[in-house]
Amino acid sequence: VSRRLWLRRKRRRLMFLGLRGLVRVLGFDGARVLGIVLGELQFRIARSARVRCTQGMAAVLGRATDDPLLHAQLREAYRRNTAAVLEVMAMLDHPLDAPVLAARCAVDGLDHLHSALAGGRGAILLATHSGNAALLALHLASIGIPVSVVFRQSRMMSADFFAQGLARYGVDGILANDGLKAYGRMLGALKRGGVVFLMMDQGVKQAGDGLMTRFLGKDLPLSAGPAQLARHARAPLLPLLTIAAKPQWRFRIEAPVVRPAGSTLEDDFEQLVRLTERQILVAPQLWSWHQRRWRLFPLAVSSATNA
């Protein structure tokens, strides 16, 4: 590891510890306020990242890069997703009780989830990095639905931060970095009739770990895990949309995805990629356009030309 990379990781680690200390004092609601302030600051200061995100959004949404609405949506994305990160830190550090969780999120379409679970094969909830989707997972656990959350380890956070924090709510944390071991745990959760909560809207680090596709105007490898899991377990897969951030987070669970008869894994993967794009574009101001596993990929040639 180069010294420059080591210093970057050290800086991120110190930032995490500092923010963790702050949210311990501020609590969930204070973390949201702090996150909005920090997101605004990041939006104003990180010019090169903002320009890259603006170009990408413009290509995807078919608007000019100087469109005031585009500018406002990206600004809101910075604010709401930074707030969501700090909210998650607060939730996992000091558990919220069920009434508090319920008061901070609203969910439509729970009937779809209950119907899917009645089939006895569990259910997969396909979410996106749009705001505080983790809040819904914890809320579902608080009302008696067994939930397993699939997450990736971040170098800036303690190795057990997510797993221990989720366990405080009775949620099984599955580390995606564990590969086949993680996949086995997902299958086990579904066989027990539980919900597996996962996402596929970030490029994977190693191209060999995913399938190449055009996603939101960029060619990048995305994980085929959700498609493979649904096929293998024959479990219903339901899209989860984040549709509002205030006055509370609002989510919508949609009906299970219908997989065409005779479809291949590649077919199912592409179906979920297009579905994920639609989930994001329902409320583009709530997706984390500035996350590096989309932002740092170049625009595809056709998208750049259209922009």
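This is a predicted model: local features need pLDDT of at least 70, side-chain atom pairs count only at pLDDT 80 or more; totals for chains, interfaces and linings use all residues.
Tutor: Contact here means heavy atoms within 4.5 Å.

Student: Which residues does Leu140 touch, not counting residues up to four places away in sequence?

Tutor: With those sequence neighbours set aside, Leu140 touches Leu110, Leu113, Leu125, Ile145 and Val147. Leu140 counts as buried, at 0% relative accessibility. For a sense of separation, the C-alpha atoms of Leu140 and Arg274 are separated by 26 Å, the two residues being 134 apart along the chain.

Student: How many of the ten residues of helix H6 are buried?

Tutor: Helix H6, residues 133-142, is mostly covered, with eight of its ten residues buried. These are Ala133, Leu135, Leu136, Ala137, Leu138, His139, Leu140 and Ala141. Just after H6, Gly144 adopts a positive phi of about 95°.

Student: How should I read the packing of two helices, and at what angle do H3 and H6 pack?

Tutor: Two packed helices are described by the angle between their axes together with the distance between those axes. For H3 and H6 the angle is about 30° and the axes are 9 Å apart, and these two helices are therefore roughly parallel to each other. The contact is formed by Val88, Met91 and Leu92 on the H3 side and by Ala134, Leu135 and Leu138 on the H6 side. Sorted by class, the contact of H3 with H6 has six nonpolar, no polar and no charged residues.

Student: At roughly what angle do the axes of H2 and H3 cross?

Tutor: The axes of helix H2 (residues 47-61) and helix H3 (residues 68-93) come within 10 Å and cross at roughly 120°, which makes H2 oblique to H3. H2 passes H3 in a right-handed crossing. On the H2 side the meeting residues are Ala49, Arg50, Cys53, Thr54, Met57, Ala58 and Leu61, and on the H3 side they are Leu70, Gln73, Leu74 and Tyr78. By class, the contact of H2 with H3 has eight nonpolar, two polar and one charged residues.

Student: Where does His290 lie, and which residues does His290 touch, not counting residues up to four places away in sequence?

Tutor: His290 sits in the loop between helix H10 (265-282) and helix H11 (292-295), yet His290 is buried, with a relative accessible area of 12%. With sequence neighbours up to four places away left out, His290 touches Gln42, Cys53, Ala77, Tyr78, Asn81, Thr82 and Arg295.

Student: At what angle do H9 and H10 pack?

Tutor: H9 and H10 pack at an angle of about 120°, with their axes 8 Å apart, so that H9 is oblique to H10. The crossing of H9 and H10 is right-handed. Pro226, Ala227, Gln228 and Arg231 of H9 meet Leu265, Asp268, Phe269 and Leu272 of H10, and the residues of this contact divide into five nonpolar, one polar and two charged.

Student: How should I read the backbone angles, and what is phi for Leu216 and for Arg234?

Tutor: Most residues other than glycine have a negative phi, and most peptide bonds are trans. Leu216 has a positive phi of about 50° although it is not a glycine; Leu216 lies in the loop between strand E6 (211-215) and strand E7 (218-222). Phi of Arg234 is near 55°, again a positive value in a residue other than glycine, and Arg234 is found in the loop between helix H9 (225-233) and E8.

Student: Are these two residues buried or exposed?

Tutor: Leu216 is buried, with a relative accessible area of 2%, whereas Arg234 counts as exposed at 55% relative accessibility.

Student: Which loop holds Pro247, and what is the omega of the peptide bond from Lys246 to Pro247?

Tutor: Pro247 belongs to the loop between strand E8 (237-244) and strand E9 (249-253). The peptide bond from Lys246 to Pro247 is cis, with omega near 5°.

Note on methods
Residues are numbered from 1 along each chain as its sequence is written. Side-chain values use heavy atoms; hydrogens and water are left out. Axes are lines fitted to C-alpha atoms, for helices over the stretch in contact, and angles run from 0 to 180 degrees between N-to-C directions. Helices (H or I, at least four residues) and strands (E, at least two) are DSSP runs, numbered from the N terminus. Angles under 35 degrees count as roughly parallel, over 145 as roughly antiparallel, 65 to 115 as roughly perpendicular and the rest as oblique. A crossing is left-handed if the near helix is turned anticlockwise from the far one by less than a right angle, and right-handed if clockwise. Ala, Val, Leu, Ile, Met, Phe, Trp, Tyr, Cys and Pro count as nonpolar, Asp, Glu, Lys and Arg as charged, and the others, Gly among them, as polar. Buried means under 20% relative accessible area, exposed over 50%, partly exposed in between (1.4 Å probe, protein chains only).
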